Amino acid sequence: MKKLLLLLLLPLLIFTACNSEEDNPVTPTPKGKIVVKSTPAGATIYLSGAATGKVTPDTLKDLTPGVYTIKLVLANYVDTSYTVNVAGDATETINIVMKQNFRGNLNIKSTPVGAQIWLNGVNTGKVTPDTLNYLAVGTHSVKLVKDTYFDSTFSVQVNLNQTSTYDINLDPKPTKFGPVRLWETTGTTATQPSGLDLSTGNAYGISSANKTDVDIYYTSTGYLVRSANGSSGMTRETWFNIGSGTDLTDGKDSPVRDGSWTNSMTDRETKYVYLYDNDGNYSKIKIVAYGGGVPGTPAWVEVEWYYQQKVGSRAF
C-alpha cells in the first residue's frame, strides 16, 4: 500500500520542482571586455598589476563589472597607465599614445678622483667616479669641483638609452713662490745666489753643488734673467714668453710653447712672463722689485711666480 502511495505522489513532486525552477531562474553575471590599442603597437598589457601575456592591440575578455587599471610597457617609451570602468556586458576601447622615453645616463670620471659633480649649475651630491641616471636626452653642462684644482666645465651629450662616459684630467692650481731675490753673477758672495729652482722656490749659486737644479739665473752679462744652460756647468733649458699683463692672478693661461719663445728677459721687464722648463712644466713669473747695481752693491732682482706642477698644463 505504501509503495503504491509513493508511486502516485512521485509525478507530483517532479512537477512541483520543475515549476520552482521556472519561477526562480539563475541569471549569470554579465562579462565585459576591454579592447586595448596603442601607438606604437606592441606594448605589453598589465591588468590591475598582473601580467596578461598580451601585447597591443588585443582584447581582455570575461571581465566582471568594475574598475580596472591598464598599464602599457614598451621599451624606449614611458610606462603608461589608464583607468577603465567596465560595465556589465559592455566593451570598452582605449587607444593610448605612448610617450617616447628620451632618457640616458652619464658616467663621469676624473683624475684625481673625488671631484664634486655639478649638472647644469646644480650640485648633484655625487663625486667622481659616479653615474648620473635617467637624464633628458640632449646637451648638458657638467662642472667638476675639487679643492686645490681648477674647476673643469664641459659640455656632455646624453644619448637615448645609452650610458655616455667622460673621463676628465683636472689641472691642479699652481704653487705660489716668492718673492725670492736673485743677485747678478759678478761681484757676489756665496750668500748672494744668482740661480733659481722654479719647482722648489730655492735660490742656488750657479757654482754650488745644486747648480744642476737651477732653471734660470740673473746674469751680469746684459743684465738678463735667462735660461740656466747659458752658463758653464748648468744644463737645464728654460724658455721665455712675455705675457700681456702685469697681474699674476689674472687667470690667463700660458700659450703653448713654440718657436717664438726666447731664452731670456731683461731685468726691467714689467709684465709677467711665461716660462717652460726642462721638465715640461710651465711657470708664470714677474719681477716685482730690483736694486743695487752701484759700486759696493751688486744688482739684484726679486721675483714672484706660480709653478704649475702638472707636466704640460698651462692653467694659471
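My entries below go from the whole chain to single residues.

**Ground rules.** I am working with a predicted model, in which local features need pLDDT of at least 70 and side-chain atom pairs count only at pLDDT 80 or more, while totals for chains, interfaces and linings use all residues. Residues are numbered from 1 along each chain as its sequence is written, and side-chain values use heavy atoms, with hydrogens and water left out.

**Whole chain.** I found one helix and 24 strands; these are DSSP runs numbered from the N terminus, H or I of at least four residues for helices and E of at least two for strands. Along the principal axes, the C-alpha atoms fill a box of roughly 160 × 40 × 25 Å. I noted that 37% of the 316 residues count as buried (under 20% relative accessible area; exposed is over 50%, partly exposed in between, with a 1.4 Å probe and protein chains only).

**Four-stranded sheet.** I traced an open sheet in the order β3-β2-β5-β6, with antiparallel pairing (two strands pair if DSSP finds at least two bridges between them). Its edge strands, β3 (50–55) and β6 (80–86), each pair on one side only. Inside the sheet, β2 (residues 44–47) meets β5 (residues 66–73) over four bridges, and Tyr46 stands opposite Lys71 in β5.

**Around β9.** Which residues of β9 make up its covered face? I read off Ile117 and Leu119, with Gln116 and Trp118 on the uncovered face. Four antiparallel bridges join β9 to β10 (residues 122–127), with Asn123 as the bridge partner of Trp118. The two strands form a hairpin with two residues between them, and Asn120 in the turn has a positive phi of about 50°. β9 also pairs with β12 (residues 138–145), antiparallel and over four bridges; there Ile117 has Leu144 as its bridge partner.

**Cores.** The largest nonpolar core has 19 residues, and Leu196, Leu198, Ile216, Val225, Ile285 and Trp305 touch the most other members (a core is a set of buried Ala, Val, Leu, Ile, Met, Phe, Trp, Tyr and Cys residues joined through side-chain atoms within 4.5 Å). β24 gives the most to this core, with four residues. Apart from it I found another core, of 16 residues, including Tyr68, Ile70, Leu72 and Val84.

**Thr238.** Beyond its neighbours within four places in sequence, Thr238 is in contact (heavy atoms within 4.5 Å) with residues including Asp215, Ile216, Thr262 and Leu275.

**Ala299.** This residue sits in the loop between β23 and β24 and is buried, with a relative accessible area of 5%. Leaving aside neighbours within four places in sequence, its contacts include Leu182, Trp183, Tyr218 and Tyr223.
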